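Below are my notes on the model, as numbered points. Please read them with the structure open.

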Amino acid sequence: MISRSGWQAKAPRWTTRHRTPVNTVYIHHGGTHLSGHTQKDEASALQAYQRYHLRKGWADIAYSFAVGPQSGRVYELRGWNARPGATKGHNADSYSIVIIGNTSTQRVSEECVDSVRRLIEIGQRAGKITQKVQVLGHRDVKSTACPGDSAYSRLKDMAPGATPKTTVSKAPTYRRMLRLRRPRMRGNVVKWVQSIVGANPDGVYGPKTKALVQKWQRSKGLVADGIVGPKTYRFLSR
Ligand SMILES: [Zn+2]
């Protein structure tokens, strides 16, 4: 974990002692475009978030921890012992983890998902988070796009006990249309589509995958036919 001095944090104005264990972890995203993924790029994004929050008169950057959307690097912000301030009305019994950048326009990597889950598991082992923790998105308690679609679709995989997924993270070349048929279509391209629409990435194009493709198409304003043709493919590759 990268400490506060590792991202050149300013000192907090004050801290409020956090009462633990808490039973909820809220996932946020920064909502700003992250142009690079080096530690320096991530640290300067965090500095900007902190400046913004301090300008609002807050005690400190609002979140407990941050995770790099591609790198999976973990940063200490308010940490385990100070109450977070990112989820109004829910701060006293939760931690807030922010995924740096905009996870609606940039997809979270498996490394990122794994880091969030491992961080929560560390919190459990340290007695800071209950065993029956709920992992929620900011949008579950407020009308906001936060934490962005790609992070929001992975909340289940961020919860302790989830099996790490080995997915295809780069867009494979488009070769054929994917749809529900018998025998089922299979392979890495299916797995890749599943990892984006939030389906279990087992590499088999079944009815659940079709339904999630339709939901995803609807959210993008595409024809919701559950068929991954050239147009849907182009949108998925973004
Ligand atoms: Zn948020």
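1. Among contacts in the protein chain between residues at least 6 apart in sequence, those joining residues at least 24 apart make up 67%. Two residues count as in contact if their C-beta atoms, placed from the backbone, lie within 7 Å.

2. This is a predicted model, in which local features need pLDDT of at least 70 and side-chain atom pairs count only at pLDDT 80 or more, while totals for chains, interfaces and linings use all residues. Residues are numbered from 1 along each chain as its sequence is written.

3. The protein chain contains seven helices and five strands, in the order β-α-β-β-β-α-β-α-α-α-α-α from the N terminus. The radius of gyration of the protein chain is 19 Å, close to the 18 Å that the globule rule gives for 238 residues, so the chain is as compact as a globular protein of that length. (The radius is taken over C-alpha atoms, and the rule is 2.2 Å times the number of residues to the power 0.38; helices, H or I of at least four residues, and strands, E of at least two, are DSSP runs numbered from the N terminus.) The C-alpha trace spans about 60 × 35 × 30 Å along its principal axes.

4. Of the 238 residues of the protein chain, 39% are buried. A residue is buried if 20 or more other C-beta atoms lie within 10 Å of its own, exposed if 12 or fewer, and partly exposed in between, with C-beta atoms placed from the backbone.

5. Helix 5 (residues 188-197) has eight of its ten residues buried, so it is largely enclosed by the rest of the structure. The buried residues of helix 5 include Val189, Lys191 and Gln194, and they pack against helix 6 (207-219) and helix 7 (230-236). Just after helix 5, Gly198 has a positive phi of about 90 degrees.

6. Ala151, in helix 3 (residues 149-152), is buried, with 30 other C-beta atoms within 10 Å. Leaving aside residues up to four places away in sequence, Ala151 touches Ile27, His29, Ile99, Thr103 and Val108.

7. Two cis peptide bonds deserve a look. One runs from Cys146 to Pro147, with omega near 10 degrees; Pro147 is in the loop between strand 5 (129-137) and helix 3. Another joins Arg182 and Pro183, with omega about -10 degrees, and Pro183 sits in the loop between helix 4 (155-158) and helix 5.

8. Which residue has a positive phi although it is not a glycine? Gln8 does, at about 55 degrees. Gln8 lies in the segment before strand 1 (22-29) and is exposed, with 11 other C-beta atoms within 10 Å.
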